[in-house]
Amino acid sequence: MDAPTTTSSAGNDGGGNSGDWGWFTPSRKPADDQPRSPESDGAADRPVNPIRPAGTEAERRPAPPAPAPAPPIPPASAVPPASPVAPASAVPPGAGREEHQRPDEASAPQGARPAAESVFTAPETASPDAILLRRTMAEIEPVSDKVTSYFYALLFVQHPELRPLFPAAMDAQRDRLFKAILTAARLIDDPDILGDFLSRLGRGHRKYGTQPEHYPAVGECLLAALTRYATNTWSDEAEAAWVRAYTAISQIMIDAAAEDELRAPAWWQAEVVGHESRTADIAVVTVRPDQPYPFLAGQYTSVETPWWPRVWRHYSFASAPRADGLLSFHVKAVPAGWVSSALVHRARPGDVIRLGPPAGSMTVDHSTDNGLLCLGGGTGIAPIKALVEDVAEHGRQRAVEVFYGARSDHDLYDIDTMLRLAQRHPWLSVRPVVSDGPTSGLSGRLPDAVRQYGPWNAFDAYLSGPPGMIRSGVDALMGVGVPSHRIRHDSIEELMAAAE
């Protein structure tokens, strides 16, 4: 595939003048005698034009609107994980969370998660555009479900060619879109963090088939949805701010994708060469990529199976890079987990899956001699095992303390592997921790067990497992004096939002 060409975003200087609007054209005031619809729900009744989705300020000052009727929504059977704004691993209604599903690309960057009640409060140093964006988001937040449903209905009706980019269920996708827009709006005055966040999204979107020409369609439908529902705060100035913001946001994503295309494919084909059942619902799946796959121990990737096209889930690599190029994942099947159930119960040697690019920053800093304190819960032990192998391969004598948590001894499916590593490396200590039932190891919750040992002031901490464990583990580590900048984890999505 040819590298996508970037699109000019001239005029995106954050100033008040529109200049060259790039993909968008500012609204033009219609004739004064333009008819209005008697069924108006408070938003100006006007067709949504391809480039001018909003009307004029005069049209937006009607009497207090009646509740807006729900817009037509495509049937669930025709609707999906990747959106050109916030593609993610969509979860079907009622689906359970995959136990060690890593955070999707749309998660807000760490350090950019204010409390819910302060999300829309602009700091005193906020730019005029940031203030306008936050006001709009504050108004639509109570009806975010309607806004996003309307956005997708409009997108699929006006641009049906984009429908194949999405999987079958849109429930989680709608939530993620709103969170991604909210995150971008909050970060508009922090270009470094915003740029990193959007670059990751742009690179990740490549595996969904997103192209530069898709972004204007998304922007038009986004502005149309905001125009319809933000009737109190929408104005020509607000529209101009959103046009500038979206043009800048999409340009960063397009540029990141174009740069990434020069050095890596959008996805890798990988043949299943090994499938080992460890328990009734946990399997170790080993694959051989069709071309070299560069990654670091502690990272993760996204996986798509042939049985659920366009549905991607994130899994950690269960080993450090190997000389034979093989990759392994620990997968636990959960109720209604489409990808996890397929990988555990259906995949067999010879099957071919797709892998997205590697991601994640839970990697070892080899420039320091600090010890490693590793907390792995459930299948979260997979990247911990990879970190141990990485330390061993670098040959430096660093203390590594592993706490391996599970509900029962039976759930410690990889304990034998970890104990063999401890026998081989005198600098490694492995302590199993079981929360329910009798055990030959430590009893209780994983964070409580960590508090019994230490001190940990000379250690860098690594956490991997279910979001609840991550949250309690971070609290426990900070409570015993481990500074936050030395605590690394990637399962952070539920630290900013409710569980799916």
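This is a predicted model: local features need pLDDT of at least 70, side-chain atom pairs count only at pLDDT 80 or more; totals for chains, interfaces and linings use all residues.
Two strands are taken to pair if DSSP finds at least two bridges between them. The chain averages a pLDDT of 76, and 71% of the residues score at least 70. Over residues 1–108 the pLDDT is below 50, and this stretch has 304 contacts in the model beyond near neighbours in sequence. Residues 492–500 also have a pLDDT below 50, with 23 contacts in the model beyond near neighbours in sequence.

An open sheet is formed by six strands in the order 4-3-6-1-2-5, and the pairing within this sheet is antiparallel. Strand 4 and strand 5 stand at the edges; each has a single partner strand, so one side of each is left without a neighbour in the sheet. From one strand to the next, the twist averages 40°.

Within this sheet, strand 1, which comprises residues 268–277, pairs with strand 6, residues 352–355, in the antiparallel sense over four bridges. Two of the residue pairs can be named. W268 has L355 of strand 6 as its bridge partner, while the bridge partner of A270 in strand 6 is I353. Strand 1 is also joined to strand 2, residues 282–289, by seven bridges, and these two strands run antiparallel. One of the pairs here links E276 with V284 of strand 2. Strand 1 and strand 2 form a hairpin, with four residues between them. In general, the strands of a sheet pair through backbone hydrogen bonds, in either a parallel or an antiparallel arrangement.

A helix accompanies the sheet. Helix 7 lies across strand 1, strand 2, strand 3, strand 4, strand 5 and strand 6, and runs at about 115° to strand 5. The loop between strand 5 (327–332) and helix 7 (338–346) contains A336. This residue, although not a glycine, has a positive phi of about 65°. A336 has a relative accessible area of 37% and is therefore partly exposed.

R310 is placed in the loop between strand 3 (300–304) and strand 4 (312–316). Because its relative accessibility is 34%, R310 counts as partly exposed. Most residues other than glycine have a negative phi, and most peptide bonds are trans. A cis peptide bond, with omega about 0°, joins G454 and P455. P455 is found in the loop between helix 10 (446–451) and strand 11 (459–464).

Strand 7 and strand 11 run parallel and are joined by six bridges, with G376 standing opposite S464 of strand 11. Six bridges also join strand 7 to strand 8, residues 400–406, again in the parallel sense. In this second pairing, L373 stands opposite E401 of strand 8. The chain passes from strand 7 through helix 8 (residues 381–394) to strand 8, and this β-α-β crossover is right-handed.

The burial of strand 7 was also examined. Seven of the seven residues of strand 7 (residues 371–377) are buried, so the strand is largely enclosed by the rest of the structure. Both of its faces are covered: G371, L373, L375 and G377 are buried on one side, and L372, C374 and G376 are buried on the other.

The buried residues of helix 2 are S144, V147, T148, S149, Y150, F151, Y152, A153, L154, L155 and F156. An α-helix has 3.6 residues a turn, so residues three or four places apart point the same way. The length of helix 2 can be compared with expectation: at 1.5 Å a residue, the 15 residues of this helix (residues 144–158) should span 21 Å, and the end C-alpha atoms are 21 Å apart, which agrees.

Key:
Residues are numbered from 1 along each chain as its sequence is written. Side-chain values use heavy atoms; hydrogens and water are left out. Buried means under 20% relative accessible area, exposed over 50%, partly exposed in between (1.4 Å probe, protein chains only). The expected span of a helix is 1.5 Å times one less than its number of residues. Axes are lines fitted to C-alpha atoms, for helices over the stretch in contact, and angles run from 0 to 180 degrees between N-to-C directions. Contact means heavy atoms within 4.5 Å. pLDDT is the predictor's confidence in each residue, from 0 to 100. A crossover is right-handed if, with the strands pointing away from the viewer, the path from the first strand over the helix to the second runs clockwise.
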